[in-house]
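Trainee: I should like to learn how to read the features of a model such as this one. May we go through it together?

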Amino acid sequence: TWCCPPTPTGWSTTPMPAWDDQYCTLAREILDHGQRVHNRTGTDSIKIPSWHFRIDLKDGFPALTTKQLFIRQAVLEILWIWQARSNDVRWLQDRNVHIWDKWEINEEGKWIDEDTGKVLKSFDPSFAHTIGTAYGYVMDKYRLPQRLIDSLRNDPEDRRRVVSLWQESELDTAVLPPCVWSTEWDVTDGKLNLGVHQRSCDVPLGLPFNVAQYAVLLMMIAQVTGLEPGTMDWSIKDAHIYVDQVEGMKEQLRRWQEEEPKPAPTLWIDPAITEFEDFDSSAACTSVKLENYEHMGKLRFALTQ
């Protein structure tokens, strides 16, 4: 286990952003009290069984300041799923986003471990260059984004707005079952609030991306439905840090405890856009801009396939 050092004195009056505090508290809990376990990847992880947090967007945009967040890639991934409703990895690659390259099905219909060359799963060759029947495929087949936006515009008091990517009929032909698998959308006092459920969470790599991109999605959908962005409640099962990520995570926790806090950034969204389909999903991603973003620099973590 590893314990954080005491908080130093003499800092400025700038508080650490609420999201950094929540995130680093989770990471410290895993390192201090988590259990080391084996898993399908072959790289052990340190895990806790569950975690929950709430983010209020009035407190600033949830981009970590204790390490750099690459907002363009995060936004384009969520638009790939929700706007393009695509499972084709080449859509991302054309925009210089390579976070799904390790899971791309090859021309022969094989998903292969890049390091060992082992075939992890076989598909019909028609699925070449995709991740199978996951994420954007499910969004498109069941018209989930369109149904959500229609409900928010026409029946704001609806209590059945659940967007589920966990469709049993699609799981066997997906490279991976969805990690962030369900969202629930609520309107209270003119604010759009979001609940997110994540079945498995790579805390160093996945969680910062996921939180930022769902915050962007919440703000985008609120804008096109005439609502204000409210809160995100986030529920995780199996929150973990892989053993080859521990040293990087310790460095981030050191920054959290010892370095001068940075202010929370803000997110600009083009106010002229009134339809979700009109947000810019080109490589330039001009419809959003992270403003006043100060951070403590990059941290590199191993990506486990």
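Mentor: The discussion below takes up confidence, helix packing and cysteines in turn.

Trainee: What is the mean pLDDT of the protein?

Mentor: This is a predicted model. Its mean pLDDT is 94, and 95% of the residues reach 70 or more.

Trainee: Over which residues does pLDDT stay under 50?

Mentor: Where pLDDT is low, the predicted coordinates should not be read in detail. Here that concerns residues 1-12, where pLDDT stays under 50. For this stretch the model has 24 contacts beyond four places in sequence.

Trainee: At what angle do the axes of helix H1 and helix H7 cross?

Mentor: Two packed helices are described by the angle between their axes and the distance between the axes. In this case, H1 (residues 18-33) and H7 (residues 206-224) have axes that cross at roughly 145 degrees and come within 12 Å. The crossing of H1 and H7 is right-handed.

Trainee: Which residues make the contact?

Mentor: H1 contributes Trp19, Tyr23 and Leu26, while H7 contributes Leu207, Pro208 and Val211. By class, the contact of H1 with H7 comprises six nonpolar residues, with no polar and no charged ones.

Trainee: How many disulfides does the structure hold?

Mentor: A disulfide is a covalent bond between the sulfur atoms of two cysteines. The structure holds zero disulfides. For Cys179, the nearest cysteine sulfur belongs to Cys201 and is 8.4 Å away, whereas a disulfide requires sulfur atoms within 2.5 Å.

Trainee: Is Cys285 buried or exposed?

Mentor: Cys285 counts as buried, because its relative accessibility is 5%. Cys179, with a relative accessible area of 24%, is partly exposed.

Key:
Residues are numbered from 1 along each chain as its sequence is written. This is a predicted model: local features need pLDDT of at least 70, side-chain atom pairs count only at pLDDT 80 or more; totals for chains, interfaces and linings use all residues. Side-chain values use heavy atoms; hydrogens and water are left out. Axes are lines fitted to C-alpha atoms, for helices over the stretch in contact, and angles run from 0 to 180 degrees between N-to-C directions. Helices (H or I, at least four residues) and strands (E, at least two) are DSSP runs, numbered from the N terminus. A crossing is left-handed if the near helix is turned anticlockwise from the far one by less than a right angle, and right-handed if clockwise. Contact means heavy atoms within 4.5 Å. Ala, Val, Leu, Ile, Met, Phe, Trp, Tyr, Cys and Pro count as nonpolar, Asp, Glu, Lys and Arg as charged, and the others, Gly among them, as polar. Buried means under 20% relative accessible area, exposed over 50%, partly exposed in between (1.4 Å probe, protein chains only). pLDDT is the predictor's confidence in each residue, from 0 to 100.
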